[in-house]
Amino acid sequence: AAAATDEEMERVIVETFAGRGALLGSATAAHQVEGGRFTTSGPDNTGEITGRLRANHIWDDFSRNVTLRGGDTADVAVDFYHHWEKDVDLIHSLQFNAFRFSISWTRLVRIDPSTKAQTINPDGLAFYQNLVDGLTAKGVEPVVTLYHWDLPSALVDYRNLTAHGGLNDPDFVGHFVAYAEL
């Protein structure tokens, strides 16, 4: 028997999974793909930094305190923040019916460093609303992860990690609930 062509395999996969109500898609994590940490004066995320699109989280802190190959950080990553529409078109062209993504806590909200009060960041909210609208317009179901290990630095006391560091902080659950309810 002849080997199946790519088109035949694609048809079988789509008919077998998506055709029966299953979700078939792709996934990302905000820190790994979004980039868009700063606004810049130049096109294509180049030029002088003119503003901040999200605050620091623990992965930013980590990548600045260890030597990563090439000095890499996720400040730009694959720049999904600025090019998400192309990725949504690609997801749609692959006939995927789902896209799992995480929301960056530090993009969606601003945290007051002294009170730990959280307020919506309008630019972050608009980004995620546009992404969800773009996905649903293409018939792709958004599957959201609220927390993908990007704890805001403002909620971490690095001087006392055992008692009050991140997930060990007795107030963590309250901070997360406040974030999730926004």
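**Notes on the predicted model**

1. Overall make-up. The protein's secondary structure amounts to eight helices and seven strands. Bear in mind that this is a predicted model. Of the 182 residues in the protein, 34% are buried. Take the contacts with a separation of 6 or more: 69% of them are between residues 24 or more positions apart.

2. The largest pocket. How much space lies in the largest pocket? About 190 Å³. Eleven residues line this pocket, and His31, Gln32, Trp59, Ser63 and Ala74 are the ones nearest its centre. By type, the lining divides into five nonpolar residues, five polar and one charged.

3. Where that lining comes from. Helix H2 (30-33) and helix H3 (58-65) each supply at least two residues of the lining of the largest pocket. Which element gives the largest share? That is H3, with three residues.

4. His57 sits in the loop between strand S3 (49-52) and H3. Buried or exposed? His57 has a relative accessibility of 1%, so it counts as buried. Leaving out residues up to four places away in sequence, His57 touches His31, Ser104, Thr106, Asp150, Leu151, Pro152 and Ser153. His31 also turns up among the pocket-lining residues nearest the pocket centre.

5. Aromatic pairs, with one worth a look. The whole structure holds 16 aromatic pairs. Trp105 and Tyr147 have ring centres 6.1 Å apart and planes at 85°, so this pair is edge-to-face.

6. Which residues form the aromatic cluster? Phe80, Tyr81, Phe99, Phe101, Phe127 and Tyr128 make up one cluster.

7. Apart from neighbours within four places in sequence, Leu108 is in contact with Ile103, Thr119, Ile120, Asn121, Gly124, Leu125, Tyr128 and Tyr179. Tyr128 in that list is a member of the aromatic cluster. For Thr119, the C-alpha to C-alpha distance from Leu108 is 8.5 Å, at eleven residues apart in sequence.

8. Ser26 is placed in strand S1 (residues 25-27). With 26% relative accessibility, it falls between the 20% and 50% cut-offs, so Ser26 counts as partly exposed. How far apart are the C-alpha atoms of Ser26 and Phe96? They are separated by 7.5 Å, although the two residues are 70 residues apart along the chain. Setting aside residues up to four places away in sequence, Ser26 touches Ile91, Phe96, Ala98, Phe99 and Arg100. Phe99 is one of the aromatic cluster residues.

9. Two positive phi values to check by eye. Most residues other than glycine have a negative phi. Asp79 is not a glycine, yet its phi is positive at about 60°. Asp79 lies in the loop between H3 and helix H4 (80-93), and at 6% relative accessibility it counts as buried. Gln95 is another non-glycine residue with a positive phi, near 65°. Gln95 is in the loop between H4 and strand S4 (98-102). Its relative accessibility is 39%, so Gln95 counts as partly exposed.

Note on methods. Residues are numbered from 1 along each chain as its sequence is written. This is a predicted model: local features need pLDDT of at least 70, side-chain atom pairs count only at pLDDT 80 or more; totals for chains, interfaces and linings use all residues. Side-chain values use heavy atoms; hydrogens and water are left out. On a 1 Å grid over the protein atoms alone, a cavity is a set of points where a 1.4 Å probe fits but cannot get out, and a pocket is an open set with protein on both sides within 12 Å along at least five of seven lines; lining residues have an atom within 4 Å of a point. Grid points are joined across faces, edges and corners, and a volume is the space filled by probe spheres set on the points. Helices (H or I, at least four residues) and strands (E, at least two) are DSSP runs, numbered from the N terminus. Ala, Val, Leu, Ile, Met, Phe, Trp, Tyr, Cys and Pro count as nonpolar, Asp, Glu, Lys and Arg as charged, and the others, Gly among them, as polar. Rings of Phe, Tyr and Trp (its six-membered ring) pair if their centres lie within 6.5 Å; planes under 30 degrees apart count as stacked, over 60 as edge-to-face and the rest as tilted. Contact means heavy atoms within 4.5 Å. Buried means under 20% relative accessible area, exposed over 50%, partly exposed in between (1.4 Å probe, protein chains only).
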